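Trainee: Could we go through this model together, one question at a time? I would like to see how each answer is reached.

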Amino acid sequence: MSQLYDLCALDEIPRQGSRVVEAPHGDVAVFRTADDRVFALDDRCPHKGGPLSQGMVLGHRVACPLHNWLIELESGEAVAPDQGCVRRHEARVDNGRVWLSIEG
Amino acid sequence: MKKQKLVMVGNGMAGCRALEELLKIAPDLYDITVFGAEPHGNYNRILLSPVLAGEMTLPDIVLNDFDWYRDNRITLHAGKKVEKIDRVRRTVIAADGTVAEYDRLLLATGSTPFIPPVPGSDLPGVLGYRDIADTEAMIAAAQSHRHAVVIGAGLLGLEAANGLKLRGMDVTVIHIGDWIMERQLDRVAAGMLQKALEDRGLKFLLARHTEALVGGESGRVAAVRLKDGMTLPADLVVVAAGIRPATGLAESCGLHVNRGIVVSDTLQTVTDPRIYAVGECASHRGTAYGLVAPLFEQAKVCATHLAEFGIGRYTGSLTSTKLKVTGIDVFSAGDFTGGKETEEIALHDPAAGVYKKLVVKGDRLIGACLIGDTADGAWYFRLLKDQQDIREVRDHLMFGESSLGDTGHAGGNKAASMPDTAEVCGCNGVCKGTIVKAIRENGLFTVDEVKKHTKAASSCGSCTGLVEQILASTVGGAYKPTTAADKPVCGCTDLAHGAVRQAIRDNKYLSIPAAMQGMGWRTPNGCTTCRPALNYYLISTWPHEAEDDPQSRLINERAHANIQKDGTYSVVPRMLGGLTTPAELRAIADVADKYAVPTVKVTGGQRIDLLGIKKADLPAIWADLGEAGMVSGHAYGKSIRTVKTCVGSEHCRFGTQASMRLGVALERMLFAMWSPHKVKLAVSGCPRNCAEAGIKDVGIIGVDSGWEIHIAGNGGIKTEVAHFLCKAGSDDEVKQIAGAFLQLYREEAFYLERTVHYVHRVGFDHIKQRVVDDPENRQTLYERLLYALKDAADPWAEQVANAAKKRAFIPIRLTEPVSA
């Protein structure tokens, strides 16, 4: 079962940046891309657990700040040649608000 | 729109590389059809020698298998030789009648072995050495026959002879020249190589001419007769007397051919602009290249033209040679014989089998010839290619790059002889075996590709030289070293750092999107390499005008703190000149208590580091420190870090100058200065130099009469002693000179280039002319620096004061869910 949360205004996440959300299971990173879409992933790189929220947002990808792994925001999968996957969550923008749904 | 048709004739390394480059930049522009005379996909022809020697197998050397052609929707006619080109109807016709139409045609027919016209050269058992079929025929012959004769002691001939010997044949090499590999080696080096090969059982007959190949009763070749009357038994004759560009097809359709298909700098044939030629079949400015590195350069240029980008010209290549005979290291490049105006530096140790000769002209290295120890081949080749000024390092040149004072990872070891389990990259824990495997399995050719696949050399970079060598020894001649000056910034652009800086200045780009659009960036948002570089170039070129984009800075600069491996941060307040006060120390102690800071450490830059801080606590800590008057130490930035000082004449018995006073003044002047890389200064009050000014970007040493200014030292990965720039009489003069040098560095260096590498690249004289010899220029540089640093604000105070900025540090807490 999933829970839907009204997170914040879109403007409270910097464009090409992110915010950290304290979720029951651990931190979730919510990203806002240059084209104003939002994506949410667990804030742990599949490589060494680096905080993806602190990485640089490139198109629809984020580069982990520790070792520069690239992670697809849409799927949570690492970009080849790296291999790994991080859990993703449903996020969307509605009327200027960011909505996040987290599996309970 | 209907797609254009591109037909490629020849399915070898150069042609396929051109297609790969084309697919990268214009994947949907053409319907592509490829004809290859051999019934295989594209393979690494250079590695046929290891296959012959039994060190690799054919599947190991495949670069593009049939799946690759299918995945890229390329129609491959493998095993179909094209016999005719009809330039009027724009079709090519293969021997079996297959016809393909083209809008553009790419000829990559390669070369064929030159077989001298001696009687018997058409007998069974006489082979050239070119392709998989030749290699297989040699392997088969070695199983059933005994005597092999190789004609020609060039690179290919020696590799063939070595392989046949390893497969158990009795091998004699016949050579016309007075010594072997005369195009790559001088007489001494050739003698040493010959001896090493003779020790392995090869036999040599030099300065001999073949008169005829004699057939036996079976019809197969049985002997080789020389002009001096000598006859050698031979069941297999490998002719390696050079190659000729395969131009028959081009000639038959009327293209201009002169020892190769004549092409322009865009790789278009001079006769018909619809037809391109790359690789060994092409003749560019009178040269047909036989080594793979130049062919890849041609392929890249050709691809950009096929993609209708219209940029890039091929202007010729400098080549180097490596012999692929395991256990015998040979390297040669440039003009290794020398002549009148040249000097030679040589080292000759016959017992150890080592010979090194470097040819120097003026202050430049122009040639190198190495036997036995080729570890520094890649370095010499770089010096040669870049035309670097070697005056400073000439004393050490012979002893290799590692003698220049690094910590031993730069490649002093012999890459080829390292065991697979040896660690190459200490930062990422990558062993040699992992790198070799990645190179072979993924067909890697550049250090960047190796970095991406293995992470080796992707952190501190000190093992780059070693990775380069492993790459060179694994892929052989296919490896082409690149240099900082002409290397593109990253995969998002073809422009090098210098060109990007120039474009930003010329076009007055003021934002990253404008710069990317103006320079034709390939990716919409760049990557972690180009974005921080562009951001720095913009704000340093157009201070107070260009937009500083925090999202294009790496995390440390964005968070104004250093991220640690567990995701916590460290905080280092500034202490000008390493001086502090009881009040400041008390504030630091209070912060450490209040926020339960787990580690408090004194840094190498004479200040205090608070480690293990949660990101959410950063703004509050900064606010507390700010109340005590402390500001950011920029310990996280590509920026001014510290000015380290000794006690100096204020207290020290030996001090001759007031080093603390000057240090504080310099650090205050440079506050919040962004730079291509981190910048560290030191001021010592006397030549005892307790502040270690000799290894700083700018090091200042007090003497009786004033100050000595040293620049471009480095205490990091590669320890480098700073060079004396000039003397200064007063504190103000030091500020002006040091400021002018740093401004020059800020304006000219490439992003992530430390002062040591920058000065090495542009030359010490370049700095001296602009900063010391030209007082007017010095003053304008200094003024530009002061203008850029005008009104510099404390970034910590800015984050604390601005609600939106501060918010970015605080996590969002989940409230009640809206619905279930």
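Trainee: Which residue has its backbone oxygen 3.0 Å from a polar atom of the side chain of B:His284?

Mentor: A word on the ground rules before the answer: this is a predicted model, where local features need pLDDT of at least 70, side-chain atom pairs count only at pLDDT 80 or more, and totals for chains, interfaces and linings use all residues. Residues are numbered from 1 along each chain as its sequence is written, chains are lettered from A and ligands numbered from 1 in the order in which they are written, and side-chain values use heavy atoms, with hydrogens and water left out. B:His284 sits in strand β22 (residues 282–284) of chain B, where strands are DSSP runs of E with at least two residues, helices are runs of H or I with at least four, and both are numbered from the N terminus. The backbone oxygen in question belongs to B:Tyr314.

Trainee: With which side chain does the side chain of B:His284 make a polar contact?

Mentor: A polar contact is a pair of N or O atoms within 3.5 Å; within protein, one must be able to donate a hydrogen and the other to accept it, and residues adjacent in sequence count only if both atoms are side-chain atoms. Leaving aside neighbours within four places in sequence, B:His284 is in contact (heavy atoms within 4.5 Å) with residues including B:Val263, B:Ser264, B:Asp265 and B:Gln298. The side-chain partner, at 2.8 Å, is that of B:Asp265.

Trainee: Why does B:His284 count as buried?

Mentor: Buried means under 20% relative accessible area, exposed means over 50%, and partly exposed is in between, with a 1.4 Å probe and protein chains only. B:His284 counts as buried because its relative accessible area is 1%.

Trainee: Which side chains make polar contacts with the side chain of B:Ser111?

Mentor: B:Ser111 belongs to strand β10 (residues 111–113) of chain B, and it is buried, with a relative accessible area of 5%. Beyond four places in sequence, its contacts include B:Ile243, B:Arg244, B:Pro245 and B:Ala246. One polar contact, at 3.0 Å, is with the side chain of B:Arg130, and another, also listed at 3.0 Å, is with that of B:Glu280.

Trainee: Which residue in β2(B) stands opposite B:Met8?

Mentor: Strand β1 (residues 4–9) of chain B and β2(B) pair in the parallel sense over six bridges; strands pair if DSSP finds at least two bridges between them. Strand β2 (residues 30–36) of chain B is mostly covered, with six of its seven residues buried. The residue opposite B:Met8 is B:Val34.

Trainee: How many strands does chain A have?

Mentor: Read along the sequence, chain A follows the pattern β-β-β-β-β-β-β-β-β. Buried residues make up 53% of its 104 residues. The secondary structure comes to zero helices and, for strands, nine.

Trainee: What area is buried between chain A and chain B?

Mentor: Buried area is the accessible area (1.4 Å probe) that two parts lose on being put together, summed over both. Here 38 residues of chain A are in contact with 36 residues of chain B. Carbon and sulfur atoms give 58% of the buried area, which is about 2,900 Å².

Trainee: Which residue of chain B meets A:Glu22 in a salt bridge?

Mentor: A salt bridge is a side-chain nitrogen of Lys or Arg within 4 Å of a carboxyl oxygen of Asp or Glu, and the rule finds one across this interface. Two bridges also join β2(A) to strand β39 (residues 812–813) of chain B, and the two strands run parallel. In β39(B), the bridge partner of A:Glu22 is B:Arg813. The salt-bridge partner, at 3.0 Å from N to O, is B:Arg813.
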